[in-house]
Amino acid sequence: MLTLMLCFSLLCGFGPVCVIRRAAGVRPGVMSLASCVSDGVFLCSCLLDLLPDYLTHARETFSRLGLTLHFPLAEFIVSMGFLLVFVSEQMMLAFRDPTGYESPEKQALIDPHMTESRDSPGRSCTDESPEKQALIDPHMTQSRDSPSHSHRLSGADGSVSLEQVGLRVLLLVFCLCVCALVEGLSAGSQPDPELIPQICVTLFLRQGILAFSLSVRMSHYGLRLAVASGCLFLLSLSCPVGIGIGMGMVGMNPSAPGQLVRCAVEGLASGIFIYVSIAGLLWQEPASPKHRIHKVTFLLTGFALVTAVLFCKV
């Protein structure tokens, strides 16, 4: 069962990558709508799956440990995850502002004598950094340089920097892996082994949809095949590994610090996922002026797809 789940997730993940790379001519329009489907999948997975499961698990953990809280600690941890990524991204953009504008924060922290060499005329602003060469596939970005490419990596402000792309992909993969690992732990720790195959059927569909959406998102960013393959392997392995660990922990009583650490990690992942889903994903495609109704329709399709899978899980 675990082997089939791994193979099915890899198939759903690498399928779109292979199709998109071979059909580069129709990539702009198709990728724009496919990205909206992945937006809806991630948004629904965050709001209807990861966040409710975390809040329920946190309350059960606090009750099991005999902790009476008069402060919304679970919601506070989620907020900290959201704000942590938001503040980190804004600080990163403030220090890497490509327009040359020196903000007061940057002037107060950066020594101007140390940056003169980087602003010398001999340094071309179009030089690609080693990070970009390692992350972005040049063959996948050639079509984005043409005038017909209408779905550039643009957000509500008109542009998405390389730093934002790398950070959001990293955080997205981290949140999906944490979510899959927690789902696997919950499924594997069932006291009745006969219930595990029934739960795994739902996990099959859920992991396949998430792998497909992650593949579409990484293809939309034009990431290298090695980077995309590594992310897909991590996501595909997370749920089977979680099920195996959960089955090995049946009958064991986890320690109180371990339960609290798990709640903290789940809460931070939930907050990060909310930010990545809304700020990093939802505002990119619908913010562009072309085919708004079509994009909203495809976004709702992705949302409804995950909702149907979660309904079967009940």
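Reply: A crossing is left-handed if the near helix is turned anticlockwise from the far one by less than a right angle, and right-handed if clockwise. The model is predicted, so local features need pLDDT of at least 70 and side-chain atom pairs pLDDT 80 or more, while totals for chains, interfaces and linings use all residues. Numbering starts from 1 along each chain as its sequence is written, and side-chain values use heavy atoms, without hydrogens or water.

The setting comes before the part. The protein chain has 12 helices and 0 strands (DSSP runs, numbered from the N terminus: H or I of at least four residues, E of at least two). Its pattern along the sequence is α-α-α-α-α-α-α-α-α-α-α-α. Of its 314 residues, 42% count as buried (under 20% relative accessible area; exposed is over 50%, partly exposed in between; 1.4 Å probe, protein chains only). Residues 24 or more positions apart account for 87% of them.

Now the part itself: helix H9, residues 195-221. Which helices does H9 pack against? H12 and H10 are two of them.

Start with H12, which spans residues 292-313. The axes of H9 and H12 come within 9 Å and cross at roughly 165° (lines fitted to C-alpha atoms, for helices over the stretch in contact; angles run from 0 to 180 degrees between N-to-C directions). That makes H9 roughly antiparallel to H12 (over 145 degrees; under 35 is roughly parallel, 65 to 115 roughly perpendicular, the rest oblique). The H9 and H12 crossing is left-handed. H9 brings Thr 202, Leu 205, Arg 206 and Ile 209 to the contact. H12 brings Leu 305, Val 306, Val 309, Cys 312 and Lys 313. The contact of H9 with H12 has 6 nonpolar residues, 1 polar and 2 charged (nonpolar: Ala, Val, Leu, Ile, Met, Phe, Trp, Tyr, Cys, Pro; charged: Asp, Glu, Lys, Arg; polar: the others, Gly among them).

Next comes H10, residues 225-248. H9 and H10 pack at an angle of about 165°, and their axes are 10 Å apart. H9 is therefore roughly antiparallel to H10. The crossing of H9 and H10 is right-handed. From H9, the contact takes Ile 196, Cys 200, Leu 203, Gln 207, Leu 210, Ala 211, Leu 214, Ser 215 and Met 218. From H10 it takes Ala 228, Cys 231, Leu 232, Leu 235, Cys 239, Ile 243 and Met 247. The contact of H9 with H10 counts 14 nonpolar, 2 polar and no charged residues.

Leu 203 belongs to the contact of H9 with H10. Arg 206 and Lys 313 belong to the contact of H9 with H12. Glu 183 has 9% relative accessibility, so it counts as buried.

H10 leads on to another helix. Helix H1, residues 2-22, packs with H10 at an angle of about 160°, with the axes 9 Å apart. So H1 is roughly antiparallel to H10. H1 passes H10 in a right-handed crossing. On the H1 side, the residues that meet H10 are Leu 2, Met 5, Leu 6, Ser 9, Leu 10, Gly 13, Phe 14, Val 17 and Arg 21. On the H10 side they are Leu 225, Ser 229, Leu 232, Phe 233, Ser 236, Leu 237, Cys 239, Pro 240, Ile 243 and Gly 244. The residues of the H1 and H10 contact divide into 13 nonpolar, 5 polar and 1 charged.

Ser 270 lies in helix H11, residues 256-282. Is Ser 270 buried or exposed? Ser 270 is buried, at a relative accessible area of 0%. Not counting residues up to four places away in sequence, Ser 270 touches Cys 46, Leu 50, Leu 51, Tyr 54 and Val 78. Ser 270 and Cys 179 are 91 residues apart in sequence, yet 8.5 Å apart in space, C-alpha to C-alpha.

His 57 is in helix H2, residues 27-64. At 15% relative accessibility, His 57 counts as buried. Leaving aside neighbours within four places in sequence, His 57 is in contact with Arg 262, Cys 263 and Glu 266.

Terms used:
Contact means heavy atoms within 4.5 Å.
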